Amino acid sequence: QLRIVESGGGVVRSGGSLRLSCAASGSSLEHFAVWWFRQAPGREREQISCITSVTSTYADSIKGRFTSSRDNAKTTVNLNMNSLKRDDTAVYFCAAGTSCDYDRWPPRYWGQGIQVTVSD
């Protein structure tokens, strides 16, 4: 059983940067597709990125500002967030699964989520 834990959230000013990390216990994330989602109050959950060993995909809302990457030991997956806007305020979730094809293989393992707040 894979247990996912996110870290690195907090409050940041508009235009600033923040890095979220996703770690797993019970197994390595190395062979999993790792997703980042977010959900803002009153909004639906949004897929924002997915990374495998060969590909990475990003939602248009964060493309060019956010980058997902694995650390050298492949034990964690980071989400580097730059040029943050107030609209980026949300709870961010890390999830792991078989592939980045959400319709066929939705992620099986989910973290509890972590708050990111972007202030003026």
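Biologist: Before we start, how are helices and strands defined here?

Modeller: Happy to say, and keep in mind that this is a predicted model. Helices are DSSP runs of H or I with at least four residues, and strands are runs of E with at least two.

Biologist: Thanks! With that in hand, how many helices and how many strands does the protein have?

Modeller: Read along the sequence, the pattern is β-β-β-β-β-β-β-β-β-β-β. Counted by type, that gives zero helices and 11 strands.

Biologist: What radius of gyration does the protein have, and what would a compact globule have?

Modeller: Along the principal axes, the C-alpha atoms fill a box of roughly 40 × 30 × 25 Å. A compact globule with 120 residues would have a radius of gyration near 14 Å, and the protein agrees with this at 13 Å.

Biologist: Which cysteine does C22 pair with?

Modeller: A search of the whole structure finds two disulfides, and C22 takes part in one of them, with an S to S distance of 1.9 Å. The pair links distant parts of the chain, 72 residues apart: C22 sits in strand β3 (residues 18-25) and its partner in strand β9 (residues 90-97). The link is left-handed, with -75° about the S-S bond. Both cysteines are buried, and the partner of C22 is C94.

Biologist: And the disulfide of C50 and C100: why does it tie together parts that are apart in sequence, and how far apart are they?

Modeller: The sulfur atoms of C50 and C100 are 1.9 Å apart, and the link is left-handed with -85° about the S-S bond. C50 lies in strand β5 (residues 46-51) while C100 lies in the loop between β9 and β10 (109-110), so the parts tied together are apart in sequence by 50 residues.

Biologist: Is C100 buried, partly exposed or exposed?

Modeller: Buried means under 20% relative accessible area and exposed means over 50%. C50 has 1%, so C50 is buried. C100 has 23%, so C100 counts as partly exposed.

Biologist: Now to N80: which residue's side chain makes a polar contact with the side chain of N80?

Modeller: N80 is placed in strand β8 (residues 76-81). Leaving out residues up to four places away in sequence, N80 touches L18, R19, R65, F66, T67 and S69. The polar contact between side chains spans 2.7 Å, and the partner of N80 is R19.

Key:
Residues are numbered from 1 along each chain as its sequence is written. This is a predicted model: local features need pLDDT of at least 70, side-chain atom pairs count only at pLDDT 80 or more; totals for chains, interfaces and linings use all residues. Side-chain values use heavy atoms; hydrogens and water are left out. A disulfide is a pair of cysteine sulfur atoms within 2.5 Å. Buried means under 20% relative accessible area, exposed over 50%, partly exposed in between (1.4 Å probe, protein chains only). A polar contact is a pair of N or O atoms within 3.5 Å; within protein, one must be able to donate a hydrogen and the other to accept it, and residues adjacent in sequence count only if both atoms are side-chain atoms. Contact means heavy atoms within 4.5 Å. The radius of gyration is taken over C-alpha atoms; the globule rule is 2.2 Å times the number of residues to the power 0.38.
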